[in-house]
Amino acid sequence: MVSADRPAHSVMPEARYEQLVQAVVDYAIYMLDPTGHVVSWNAGAQRIKGYHADEVIGRHFALFFTEQDCADGRPARLLRQALEQGVAQDEGWRVRKDGTQFWALAALDVIRDEHGQVIGLAKVTRDITDRRESALQLDAMRAQLFQAQKLEALGQLTGGLAHDFNNLLTIILSSARLAVTSQDPARTRRLLDHILDAGQRGTELTQQLLSFARHRQLTEARIAPAAVVESTRSLLEHALPRDIELLESVQPGLPMIEVDAGQLQMVLLNLMFNARDAIPEQGQIRLLVEQVQLGGEVEGLHGDFVRFAVHDNGQGIDPLVLPRIFEPFFTTKAFGKGTGLGLSQVYGFAKQSNGAICVSSQPGQGTCMSLYLPACLDANPTDG
Ligand SMILES: Nc1ncnc2c1ncn2[C@@H]1O[C@H](COP(=O)(O)OP(=O)(O)O)[C@@H](O)[C@H]1O
Ligand SMILES: [Mg+2]
């Protein structure tokens, strides 16, 4: 609102305003009367919408909306909102003179005279089709990247899984063969129990693999850390060589965390794959999950967090390499063994979840990766 003690025209005469507005080509700037009819038109409006001034002046601004939006009463609603609240903003499809559409960001501001009377509305519209498309592309690329990384993780898992399935099938087949020829009902019963047991284990394994493979949506939800650790561990066990021992310690009664479970599972898998790759022959991977209170010592974070620490006693990380490990595509592994995307996904996930990822490493001794995720303390503690 223009107040009486602020002379609106003292800085720049009206003709200069007009010149300024006319010179703008990146924004459509035009005026509407209080009923929504066009009263002025600038060069940007002509460029963006395709109409000459003499084609649109006097026409209602609903002309620029899609048929559907007009049927839904969108132009009238925006006008009413601007008149009632002083301003209205909108984002959506608009139609050019030639019928093509663009994605517009528009603002409608009420203009009043020095007595507070509404004399019209200023409409500023920007064509942000490109921006919207790049945002959509970025989303699609993120989803694709997640999918690609998941396939890679699945590839790493299936080698070990195939081996385990083979073992289960061997148990099933040999027990079945023995049962067929067995004369002793008690023995037959025991053999059938073996078959059921092996079949059950195989089913659980496929279910976990499928639920990891199918998880598509990146949706945040409250989850119990112990449950994610449990399903990840049972997947991972099969991907570890026999000489690598997996130890796990999950503090009881951990608070809930609010993240996408599929992404967290992949982060944990990535950290453990790296730990596995760092162990030349024999070694140990320890997964520790605990609640911690931070007072700024980890990347300035404060408050209650759940810490997932993956320790390995492998080769460690060279101090020269250390600053680069979170970079996308940075890898010290042979072609075909590493993509260099694991830790960049871990880093992105930690940031996006308002947490952090920290590394400490001693060459020749081993590495510890700590992922911190904010705890939801208002929720009930979990029993895991
Ligand atoms: N636990 C670890 N021990 C030793 N080096 C590691 C460990 N974790 C990560 N690195 C180093 O960080 C690099 C990047 O890791 P990552 O982003 O997961 O890509 P990739 O595993 O495909 O190489 C690895 O190539 C390796 O040099
Ligand atoms: Mg990796």
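Predicted model: local features only at pLDDT ≥ 70, side-chain atom pairs only at ≥ 80, totals over all residues.
## Ground rules

Residues count from 1 along each chain as written, while chains are lettered from A and ligands numbered from 1 in written order. Local features need pLDDT of at least 70, side-chain atom pairs need pLDDT 80 or more, totals for chains, interfaces and linings use all residues, and side-chain values use heavy atoms, leaving out hydrogens and water.

## Who surrounds ligand 1

Ligand 1 has 18 residues around it, each with a heavy atom within 4 Å. Thr331, Thr332, Lys333, Gly340 and Leu343 are the closest. Three elements, α9 (261–278), α10 (342–352) and β12 (366–376), each give at least two residues to this shell; helices are DSSP runs (H or I) of at least four residues and strands (E) of at least two.

## Polar contacts and cover

Here, a polar contact is a pair of N or O atoms within 3.5 Å. Oxygen atoms of ligand 1 lie 2.6 Å from a side-chain N or O atom of Thr331, 2.8 Å from a backbone N or O atom of Leu343 and 2.9 Å from a polar side-chain atom of Asn274. On its own, ligand 1 exposes 530 Å², and the protein buries 94% of that (Shrake-Rupley method, 1.4 Å probe).

Definitions and conventions:
Polar contact = N/O pair within 3.5 Å; in protein donor to acceptor, adjacent residues only side chain to side chain.
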